[in-house]
Structure formats: C-alpha cells, structure tokens
Amino acid sequence: MKTLIATILASCTAGLIMSSAALAQTQMRLAVETTSGDPTHVMLSTFRDALSESAGDAVTFTFNDGGSLGDETALAELIRAGAVEVIPMGSDGVASLDTHFSIFDTPFLFSSKDDARKALDGEFGDVMAPSLREKANLEVLAFGELGVRVISNSKHEVKSPADLSGLKLRTPSSPTRMMAFQTLGAVPTNLPLGEVYMGLRQGVIDGQENPLSVIKEFSLHEAQPYISLTNHIYTPITLVMNGVAYDALSDTLKAQVKAAAEAGVEATRTLSDESDAKLVGEFREAGVTVTEPDIAAFQTAAEPVRAQIAEIVSPEFMDSVKGLLP
C-alpha cells in the first residue's frame, strides 16, 4: 500500500511539474525596427514589461529591436508566418495588409489628437480591429500613438501648399501617402526611415514628414533647418499579434495581453504629448526655423485626396465610418 501511495504521489508531483513547465512555455518573440526612445519601441517595450509583471513565469520573451529582424515590411511577413508573435506597425504598414487602414492617410481626418484617441478607443477602433483580423489574421491588441506628422526640409519655409512645389519629400511606401503629396505638388520619394538622415545630407531628398518625436529620435533636424507644423496626418501605432498565437492563449493570458497593450497605449500618448510640448522650443534653440503654416489652405488643397482614398478603401467603407469620427 505504501508503495502504491508513493507511486501515486510521485505521479502527481511529476504531473504538477510538467503542468508548471507547460505554463512557462508560452514564448513570445517581439520585434520592432526602431531603437529605444522611438514611439514604436516604447509601445512594444512597455507591453513586454507590463505583461512580464502580470503574467510572471507564464510567459518568456525574446525581444528583437533596432531592425535586427528587418524593417516593418519584413516584420509583417514574419508575424504572418508565425516566426514573430507581436510587432507594432505604423498605419502605412498595416494598409499593405488591409486597405481599410489607408483611411489613416486621409489628410486632416482628425481635427486633433484627442479626437483621434476618442475614435480609436471607441466604435471606430471596434470597426478597424476586426477588419485586420479578417484580412490578415492579425489580432489588434491596441492602438497606440506615433503622433501627428509635420513637414521638414532643407530648402525653405513651408507656409502654404504652394511651398511644397517640386520638393523631393521622403514618404513611407504607402501609395496613398505618396498620392497625397503628389496632389499637393511635392515629389514623394520612398526611402527607408533609417536612410533618411544620409539622404538629406547627400541631397537625395529635400525633406520628409514625420511626428516631431521621430525627427528628434533620428536627429533629422540636424540635416534640415525648416520644420512646418502642418499636423496633416495622425498616425496610430497598431500593436498586433499573430492570430493563431493569440487564439492559443488562455482566457486569463488574453486579458493580461490586452491590459499590457493598454499600458503601451498610455506610454505612447504620454510620450507624444511631452514631445510636442517641448520639442518645438528645443528645435528653435538649435537654430531650426519652426513655422506655423496656413492650415486652412492645406485642408482645402488636400480635399481631392479624401475622394481618392475613398475609392481605395471603398466608398461604402468611407461612408460607414464617417459617423464614427468626431
């Protein structure tokens, strides 16, 4: 009898050990093309730290940053193949997987960051997330914030749309973003973000468009003396997880994953507000001419772009979400 009890106890102990080991075997490979301080990096690293705290030993992480696994396009391929579990994406990257996300390339879609946040936290976000799951089998964990985009260049002040005429302006590879700047008279040029600084130094491009925080992170203000606060596009950070990997999580872990993603949202929005509050003064002190342009003129000039993007996302989709936007 003692031998039987010992055997049963040993079996139970072994089962508990195996069960504990199984819990610790939920592995997540996280990847981002940027380095510490950039909003996408902040989004992903905050997510990792928050989930590590809430899930404990139930999750182990591999964290690849600085583009060690490739740029955003490469990471999009890896996550869909299941080689990476979680990545942050800009709206142009997501749009290559789901054309509905091209709506974020509509100039002046939101009148402010607050309006954009309300929309993404509400019904508009509830429409966008399942669309990406359906098109690319990626689970949207949360919408963080890259920020509002401004235009910088090495040639002259940009006060009105006419000042963009002929400027070789670096844009992401998004066809809708390039189309928008063609409409405004610029010459959009696709160039990886990591090559923009040298492109400006070598005269390959005259300027670029990004949030102020990205200009600072990549030291782009050192290569161009003019920044125009056009605030023409709000760019979210879409934190996504491979759909198969997400579905395999327990309900408890799914809740912890979503909560960790929300921590990333708050971190990026705080970073965005702090950057916008201090960087204009910092850039001016560094000798950069920071211009507040005629926003109404830009809005009028960009109006044809809205109709063009409606054709890409489909007029029906554009009409369906209009009522969901502030």
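Reply: A helix here is a DSSP run of H or I with at least four residues, a strand is a run of E with at least two, and both are numbered from the N terminus. This is a predicted model, in which local features need pLDDT of at least 70 and side-chain atom pairs count only at pLDDT 80 or more, while totals for chains, interfaces and linings use all residues. Residues are numbered from 1 along each chain as its sequence is written, and side-chain values use heavy atoms, with hydrogens and water left out.

Me: What is the mean pLDDT of the protein?
Reply: The mean is 91, and 93% of the residues reach 70 or more; pLDDT is the predictor's confidence in each residue, from 0 to 100. Over residues 1–23, however, pLDDT is below 50, and this stretch has three contacts (heavy atoms within 4.5 Å) beyond near neighbours in sequence. Where pLDDT is low, the predicted coordinates should not be read in detail.

Me: What makes a space a pocket rather than a cavity?
Reply: On a 1 Å grid over the protein atoms alone, a cavity is a set of points where a 1.4 Å probe fits but cannot get out, whereas a pocket is an open set with protein on both sides within 12 Å along at least five of seven lines; lining residues have an atom within 4 Å of a point. The largest pocket has a volume of about 710 Å³, meaning space filled by probe spheres set on points joined across faces, edges and corners. Among its 35 lining residues, Glu33, Glu72, Asp92, Arg170 and Pro172 are closest to the centre.

Me: Which element supplies the largest share of that lining?
Reply: Helix H3 does, with four residues. H3 (72–81), strand S3 (86–89), helix H4 (91–95) and helix H7 (175–183) are the elements giving two or more residues.

Me: How many cavities of 30 Å³ or more does the search find?
Reply: It finds two. The largest holds about 70 Å³, and Phe108, Phe181, His232 and Phe298 are among its lining residues.

Me: Why does the lining of the largest cavity count as having no charged residues?
Reply: Asp, Glu, Lys and Arg count as charged, Ala, Val, Leu, Ile, Met, Phe, Trp, Tyr, Cys and Pro as nonpolar, and the others, Gly among them, as polar; this lining therefore divides into eight nonpolar and two polar residues. The second largest cavity has four nonpolar, four polar and one charged.

Me: Why are strands S6 and S8 called paired?
Reply: Pairing needs at least two DSSP bridges, and S6 (residues 168–171) and S8 (residues 207–210) have two, in the parallel sense, so they qualify. Leu169 stands opposite Gly207 in S8. Both strands belong to an open six-stranded sheet of order S7-S6-S8-S5-S9-S11, with mixed pairing.

Me: Which are its edge strands?
Reply: They are S7 (187–190) and S11 (289–291), each pairing on one side only.
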